[in-house]
Amino acid sequence: MPAKGKQGMRGARCAAVAAAATLLAALPGAVSAAPLRVLASFLPMYLFTVNVVGDTPGVKVEMMLPPSVGPHDYALTPGDMRKIASADLFVANGLGMEEFLGPPARKANPRLRVVETAASVAPLKEIPGKGHAGHAETNPHSWVSPKNAILQVRAIEQALIAASPGNAARFRENAAAYVRRLRTLDRAYEEASKTFRGRNIVTFHNAFDYLARDYGLTIVGEVETAPGQEPSAGEILALVRTIREKRVPALFAEPQFPTRTAETIAREASIPMRVLDPVDTGSTAPETYEKVMRRNLDVLKEALSGR
Ligand SMILES: [Zn+2]
């Protein structure tokens, strides 16, 4: 008898839930029944996506790479394959950064929509033999410039609207608010770039080429021309000579890589070593991109504006 009563209760509750769902579905802008599963490839794609999604109900955003792992030389794990298999939309940077998304990943989920967010970015050609080993001839580090970040956020907004038209109004509103903040960041870079006295810089690898292009800096050398590839003694000497000749005010290392070689070069050339963060790893808090890029701007101002 008690079991039957329980069953009856459950049946009634189910009916109530179904009725509520029908009501909700009838409301404009209501949540559609199936949740939208969005998988962002690595940290900046995740940060851009969560800012556009905000608290939209029924949209789940996951990041594929762990927040401490950058996309260079990444290989998919069985766990990643499971995430790919259950995702509806994959948010990629593109420009060859997600080479790990090979045919097996596509086969794991043939209906997966993939948005290559950097598709509308004016690409920077990579010098042959330089940059990421095995990469295409395009520099993939588009997201490191706020101007490109805005374009990539807009691409995510469009992809989300296409995948879940019922939530279009929310996505548009959230994207507009985020783009406003990114424009403020862009203006701060524009303002600072007018005050830079030195414009020739040396970076750790080619992660800041778009930033340099967009804000009037010239990268005259790199510590590592390919990630994980230590420079030879001859390359170090040549770099030190370039730093002196081009009056480079500072050498910029990255928190994602060991700084020992950069320190040696900076010491040899008698210039300070500073750290610029390309935001490919770090905190998953939604405001991280702006926060880190502001910190980068402070570092650039301190090093280049001669305060
Ligand atoms: Zn890189």
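**Entry 1: a pair of strands**

I looked up Leu251 and found that its bridge partner in strand E8 is Met273. I noted that helices (H or I, at least four residues) and strands (E, at least two) are DSSP runs, numbered from the N terminus. Strand E7 (residues 251-253) is joined to E8 by 3 bridges, and the two run parallel. Two strands count as paired if DSSP finds at least two bridges between them.

I recorded the basis of the work: this is a predicted model, in which local features need pLDDT of at least 70 and side-chain atom pairs count only at pLDDT 80 or more, while totals for chains, interfaces and linings use all residues. Residues are numbered from 1 along each chain as its sequence is written, and side-chain values use heavy atoms, with hydrogens and water left out.

**Entry 2: H6 against H10**

At what angle do H6 and H10 pack? I found about 5°, with the axes 10 Å apart. H6 is therefore roughly parallel to H10, since angles under 35 degrees count as roughly parallel. Among the residues of H6 that meet H10 are Tyr178, Leu185 and Tyr189; those on the H10 side include Tyr289, Met293 and Leu300.

**Entry 3: the nonpolar cores**

A nonpolar core is a set of buried Ala, Val, Leu, Ile, Met, Phe, Trp, Tyr and Cys residues joined through side-chain atoms within 4.5 Å. Buried means under 20% relative accessible area (1.4 Å probe, protein chains only).

Which residues touch the most other members of the largest core? Of its 70 residues, they are Phe48, Leu160, Tyr289 and Leu300. The elements that give two or more residues include helix H2 (43-53), helix H5 (146-163), helix H6 (168-193) and H10. The largest share, 10 residues, comes from H6. The core draws at least three residues from each of domain 1 (32-188) and domain 2 (194-304); the domain bounds come from an automatic or database domain assignment.

I checked Leu300 separately: its contacts include Tyr189, Phe196 and Phe252, not counting residues up to four places away in sequence. A second, separate core of 15 residues includes Val202, Val248, Ile265 and Ile271.

**Entry 4: the other sheet**

I found another open sheet of 4 strands, in the order E2-E1-E3-E4 and with parallel pairing. Its edge strands are E2 and strand E4 (113-116), each pairing on one side only. The twist averages 20° from one strand to the next. E1 is joined to E2 by 5 bridges, and Leu36 stands opposite Val59 in E2. E1 and E3 pair over 3 bridges, with Val38 opposite Leu89 in E3.

Notes:
Buried < 20%, exposed > 50% of the residue type's maximum accessible area, 1.4 Å probe, protein only. Contact = heavy atoms within 4.5 Å. Axes fitted to C-alpha atoms, helices over the stretch in contact; angles between N-to-C directions. Parallel < 35°, antiparallel > 145°, perpendicular 65-115°, else oblique.
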